[in-house]
Amino acid sequence: MSDHSPVRPTVPVLDVWCELQCPDCRGALDDVRALRAHYGDRLELRLRHFPLEKHKHSFAAAQAAEEALEQGRGWEFVEAVLGRVEELDRAGEPFLVEVARELGLDAEEFDTALIDGRHILIVDADQAEGKAIGVSGTPTYVIDGERLDGGKSQDGLRERIEQIADRLLAGQ
């Protein structure tokens with residue numbers, strides 16, 4: 001049997017390898033917001049987790065981001081936490097639950113998710129994939145197979161991402 005339904009073109013994907021306790025990732029927020037605003041649903045931005053050992057709350061923050069995504073407010077949560085990295089440094093997991101509460105998410109479910117570890121496998125898989133493709137720090141972007149390291153400098157990265165995304169969109 002043939003399926004004659006129209007095939008929807010796939011949108012380009014930008015993987016954003018991020019760590020929610022990372023000051024460099026906070027610095028990249030403006031670029032991520034600009035890309036989301038500029039492309040909307042024509043470019044899929046995927047949050048990928050790469051918690052760094054030097055930040056003791058980064059693994060819990062990655063799990064919390066997955067819970068926020070599950071509750072439909074992933075990017076809002078990520079932006080809220082990155083905007084207050086110092087508070088995460090000081091307060092740890094209770095801060096993550098508080099941010100969830102501030103955003104109107106189910107804070108009790110957040111707390112439970114951090115205790116039962118339901119999102120650990122996602123975070124572990126992201127980190128393993130990141131290591132396999134050469135991610136060594138955050139933020140790192142991957143689009144169309146090209147890895148762009150934002151940990152050294154954000155200068156020119158958004159423009160490079162836009163060039164690649166525009167080329168991919170033109171080819172659809």
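Student: How many helices and strands are there in the chain?

Tutor: This is a predicted model. The chain has nine helices and four strands.

Student: How does the radius of gyration of the chain agree with a compact globule?

Tutor: Set the value against the globule rule, 2.2 Å times the number of residues to the power 0.38. For 172 residues, a compact globule would come near 16 Å. The chain has 17 Å, which agrees. Along the principal axes, the C-alpha atoms fill a box of roughly 50 × 45 × 30 Å.

Student: What share of the residues is buried?

Tutor: Buried means under 20% relative accessible area. Of the 172 residues in the chain, 47% are buried. The accessible surface comes to about 9100 Å². Carbon and sulfur atoms hold 49% of that surface.

Student: What part of the contacts joins residues 24 or more positions apart?

Tutor: Take the contacts with a separation of 6 or more. Residues 24 or more positions apart account for 70% of them.

Student: Which residues touch the most other members of the largest nonpolar core?

Tutor: That core has 44 residues. Leu 14, Phe 77, Leu 96 and Tyr 141 touch the most other members.

Student: Which residues does Tyr 141 touch?

Tutor: Leave out residues up to four places away in sequence. Among the partners of Tyr 141 are Leu 14, Val 16, Ala 28 and Val 32. Others include Leu 148, Leu 157 and Ile 161. The list also includes Asp 15, Glu 146, Arg 147 and Gln 154.

Student: How many side chains are positive, and how many negative?

Tutor: The chain has 20 positive and 35 negative side chains. Compare the centres of the two sets: they lie 4 Å apart.

Student: Where is a cis peptide bond?

Tutor: Check omega. A cis bond joins Thr 138 and Pro 139, with omega at about -5°. Pro 139 lies in the loop between α8 (120-132) and β3 (140-143).

Student: Which residue has a positive phi although it is not a glycine?

Tutor: Asp 144, with phi of about 55°. Asp 144 sits in the loop between β3 and β4 (146-149).

Student: What is the relative accessible area of Asp 144?

Tutor: The value for Asp 144 is 47%. Exposed means over 50%, and buried means under 20%. Asp 144 is therefore partly exposed.

Definitions and conventions
Residues numbered from 1 in each chain as written. Predicted model: local features only at pLDDT ≥ 70, side-chain atom pairs only at ≥ 80, totals over all residues. Heavy atoms only, no water. Helix = DSSP H or I, 4+ residues; strand = E, 2+ residues; numbered from the N terminus. Buried < 20%, exposed > 50% of the residue type's maximum accessible area, 1.4 Å probe, protein only. Contact = heavy atoms within 4.5 Å. Areas by Shrake-Rupley, 256 points an atom, 1.4 Å probe, with all protein chains shown as cover. Lys, Arg positive; Asp, Glu negative; His and termini not counted. Charge placed at Lys NZ, Arg CZ, Asp CG, Glu CD. Core = buried A, V, L, I, M, F, W, Y, C linked by side-chain atoms within 4.5 Å.
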